Amino acid sequence: MTLLIALVAVVSLVLLFCAYSKWMQQYWARQGVTQLEPRFILGDTFPLGRGTISVKDFFLDIYQQYKPKGLKCVGIYNTHVPELVALDSTLLKDIIIKDSSSFASHGVFYHDTNVLTSHLFNIEGQIWRERRVKLTPLFTSGKVKMMFESVAGIAPGVVDVVGKSADSNTPLPVKDVLSRFSIDVILSAMFGLKCQSLYEPDNMFRAIGKEALTPNAPKMYIENLFNRNFLGKIGYQSFSEELVVTFSKVIKETTEYREMNDSQRNDFMKLMVQLKKQTSLSNNDGSNDIKKTFRIYPVVPVIPRRCTKDYKVNNTNIVIEKGTKIYIPVIGVHLDPEFYPDPLRFNPENFSIENRAKRPEVAWMPFGEGPRLCIGMRLGYLQIKVPLVALLLKYKFTLNKVMQPPFIAEAGTVVYMFKQPILLDVTRIN
């Protein structure tokens, strides 16, 4: 009898859960919002967790299917949890800029005690506001100029590595080489550390970079599905403990050394030490070629936001409840023919002063926009321009013959990258 009662209880709970899930998956329909057709219990985003579709393609498909219908937004479900994809440029501007205080969180996982996740992009609330205010002065044009020497000092290394491919007539794995260059630049310009990833690809910092960027669909799905506080309480870690401990130790030792010694290096760590003690390359317009590249291939094809207080969408009856996750489909906006005719074509005129004035300000946002605009944008531009100039003065680059379109976006990561390695043929310019 006891077993029968237990069985009935379990079946009842399962049926109740199924009924609840089915009811929740009609949440947007009850609000009068067009929604996808979610799989029972699994919802719409399950293919992202399985790794059968990339983040880029998932959100681009939604944008291109529903934006032409004139919809402001479309509802989706993460299992039975309602989420929203914003489509209309006015709503996008409201979320990102005008009413950004109602969407002040990215709603992504971070752990307070993990230095590799509790960074400025992830953190939220008062701690984000305080840290942003303190860090913003460290990334002004003048401060980034001070880091130019550190960035330029790494350029000869990437020129040398690329030259070896040219001289040996072997294809250049450009993504691998430039990611190693980026790690060396960040460690040098930001922390004054000599990393040498260009020559020692297997060092600790390169291992951190690889772990961060290696596609992992289940990990991405878990971090998106569960509340970050719940994950923190059960001891979930986004990075291996070994990497966290090692990286924390290096940063701690570097900070202590700088505090005890009067270093003259013009880098981010020096500015941070000054800030801690309370002692108290101009970007201009940017290269149009770089802007075109970021438009077609944004590093992050979708930006998540979490509603931090109930919000009524202008001129509608739609209410976005506190805690709801909203997605900004950057890739969809960037490839929208309404803003960029023949959007897959590289067209310098897209970024003329006249054409930019015709578009909404959120029509180009590879670094985000509004109060949560990427604080490192200027340093990012510097990091791109310096090696480009150094390399294009010496080499000519063409796609290797094995590189045949279409190029498929990698699944299991929020970063827009291709499944296949990008191979270039390199020849010296005499």
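The structure is a predicted model, in which local features need pLDDT of at least 70 and side-chain atom pairs count only at pLDDT 80 or more, while totals for chains, interfaces and linings use all residues. Residues are numbered from 1 along each chain as its sequence is written, and side-chain values use heavy atoms, with hydrogens and water left out.

Helix α8 covers residues 148-168 and helix α9 covers residues 174-191; helices here are DSSP runs of H or I with at least four residues, numbered from the N terminus. Their axes, which are lines fitted to C-alpha atoms over the stretch in contact, with angles from 0 to 180 degrees between N-to-C directions, come within 9 Å and cross at roughly 160 degrees. The two helices are therefore roughly antiparallel to each other, a label used for angles over 145 degrees.

Which residues of α8 meet α9? On the α8 side they are S150, V151, I154, A155, V158, V161 and V162, and they meet V177, L178, R180, F181, D184, V185, S188 and A189 in α9, where contact means heavy atoms within 4.5 Å. By class, this contact has eleven nonpolar, two polar and two charged residues, with Ala, Val, Leu, Ile, Met, Phe, Trp, Tyr, Cys and Pro counted as nonpolar, Asp, Glu, Lys and Arg as charged, and the others, Gly among them, as polar.

A disulfide, taken as a pair of cysteine sulfur atoms within 2.5 Å, is absent here, as the count comes to zero. The sulfur of C73 has its closest cysteine sulfur in C307, 12 Å away, which is too far for a bond. C73 is buried, with a relative accessible area of 3%, and C307 is buried with 0%, where buried means under 20% relative accessible area (1.4 Å probe, protein chains only).

Key. Angles under 35 degrees count as roughly parallel, over 145 as roughly antiparallel, 65 to 115 as roughly perpendicular and the rest as oblique. Buried means under 20% relative accessible area, exposed over 50%, partly exposed in between (1.4 Å probe, protein chains only).
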